[in-house]
Amino acid sequence: MNDIQRYQTCLLQGNWFSSLPKALQQALISLAQVQHLEVGQVLFRRGDKPCGLYAVVEGGVRVGAVSSSGKEALLSRVEPPYWLGEISLFDGQPRTHDVFADSATTLLWISQSKLLALLDQEPRYWRDFALLMSQKLRQTFVHLEDMSLLPAPIRLARRLLAIANNYGEGGQPRLLISLPQEQLALMLAISRQTTNQILRELESQGILRLNYAEIEIVDLKRLQQAAQL
């Protein structure tokens with residue numbers, strides 16, 4: 001099995017790609033180029049020109065923004081199989097966030113020009129990309145509602161579940177989450193101290209196990225209960 005075939009197997013584990021028409025799956029794979037990032041290397045920054053669509057197939061990337069004063073807003077950390085970059089495909093506007101690797105990462109990249117040429121030939125495929133964007137939009141609304149209405153312990157439990165399920169991309173839940181507590185605190189807009197207190201309480205209940213820069217879900221059902229889902 002060559003690299004592209006192996007990466008296709010990875011992508012088929014995700015809800016969006018696996019639901020695409022076979023012809024579109026093959027078209028995307030045939031147009032894709034492999035791209036590697038080292039730890040900390042930037043994929044693109046907020047304000048950059050649109051450059052196409054990416055699929056994370058190894059490693060993981062952080063999605064967020066950094067203010068002019070250096071303050072970071074971290075929205076998510078995603079792992080395979082996860083697609084990103086579709087907003088600029090629709091509006092042709094600059095990138096909305098910063099994306100960079102937080103481990104050695106491999107992506108499949110399909111350039112903007114190749115995608116638009118494909119969609120000019122097969123305009124019916126626009127709906128499939130709209131579904132990718134709408135899935136993320138739903139997730140965003142859920143997180144915004146949680147931020148406004150729920151106390152920090154419930155929000156934290158729900159975010160851990162979202163990460164474990166790769167933000168709705170499907171597959172078996174990832175029970176070992178490589179995520180420093182500082183990053184989780186940034187996602188939830190709460191202090192590092194509060195984050196640690198909540199995590200320690202969940203650990204004392206036998207729901208989580210905390211390791212260096214890792215959070216292990218020991219009891220998924222009880223974490224769901226803590227999230228009130």
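**Figure 1. Glu203 and its salt bridge with Arg200 in helix H9.** Glu203 is partly exposed because its relative accessible area is 25%, a value between the limits for buried (under 20%) and exposed (over 50%), taken with a 1.4 Å probe and protein chains only. The model shown is predicted, so local features need pLDDT of at least 70 and side-chain atom pairs count only at pLDDT 80 or more, whereas totals for chains, interfaces and linings use all residues. Residues are numbered from 1 along each chain as its sequence is written, and side-chain values use heavy atoms, with hydrogens and water left out. Glu203 pairs with Arg200 in a salt bridge whose closest N and O atoms are 2.9 Å apart; a salt bridge requires a side-chain nitrogen of Lys or Arg within 4 Å of a carboxyl oxygen of Asp or Glu. The two residues are separated by about one helical turn, because they are three residues apart in helix H9 (residues 192–204). Helices (H or I, at least four residues) and strands (E, at least two) are DSSP runs numbered from the N terminus. Arg200 counts as partly exposed at 43% relative accessibility.

**Figure 2. Leu208 and the largest nonpolar core.** This core has 39 residues, and Leu160 and Leu208 are those with the most contacts inside it; such a core is a set of buried Ala, Val, Leu, Ile, Met, Phe, Trp, Tyr and Cys residues joined through side-chain atoms within 4.5 Å. Helix H7 (residues 152–164) supplies the largest share of this core, eight residues. Apart from neighbours within four places in sequence, the residues in contact with Leu208 include Leu160, Leu199, Leu202, Glu203 and Ile215, where contact means heavy atoms within 4.5 Å. A second, separate core of 24 residues includes Phe17, Ala27, Ala32 and Ala55.

**Figure 3. Helix H3 and what covers its buried residues.** In helix H3 (residues 22–31), the residues Leu24, Gln25, Ala27, Leu28 and Ile29 are buried. Their cover includes helix H1 (3–11), helix H2 (15–19), strand E8 (105–111), helix H5 (112–121) and helix H6 (126–149), as well as E6.

**Figure 4. Glu79 in a network of salt bridges.** Glu79 lies in the loop between strand E5 (72–78) and strand E6 (82–84), and this residue counts as buried because its relative accessibility is 15%. The side chains of Glu79 and Arg77 are joined by a polar contact of 2.3 Å; the term describes a pair of N or O atoms within 3.5 Å, of which, within protein, one must be able to donate a hydrogen and the other to accept it, while residues adjacent in sequence count only if both atoms are side-chain atoms. Glu79 also forms a salt bridge with Arg174, with the closest N and O atoms 2.6 Å apart. This pair links distant parts of the chain, 95 residues apart, since Arg174 belongs to the loop between H7 and strand E9 (176–178). Arg174 is partly exposed, with a relative accessible area of 23%. The network as a whole links Arg77, Glu79, Asp102 and Arg174.

**Figure 5. The salt bridge between Glu122 and Arg124.** Here the side chains meet at 2.1 Å, N to O. Glu122 is partly exposed at a relative accessible area of 26%, whereas Arg124 counts as exposed at 52% relative accessibility.
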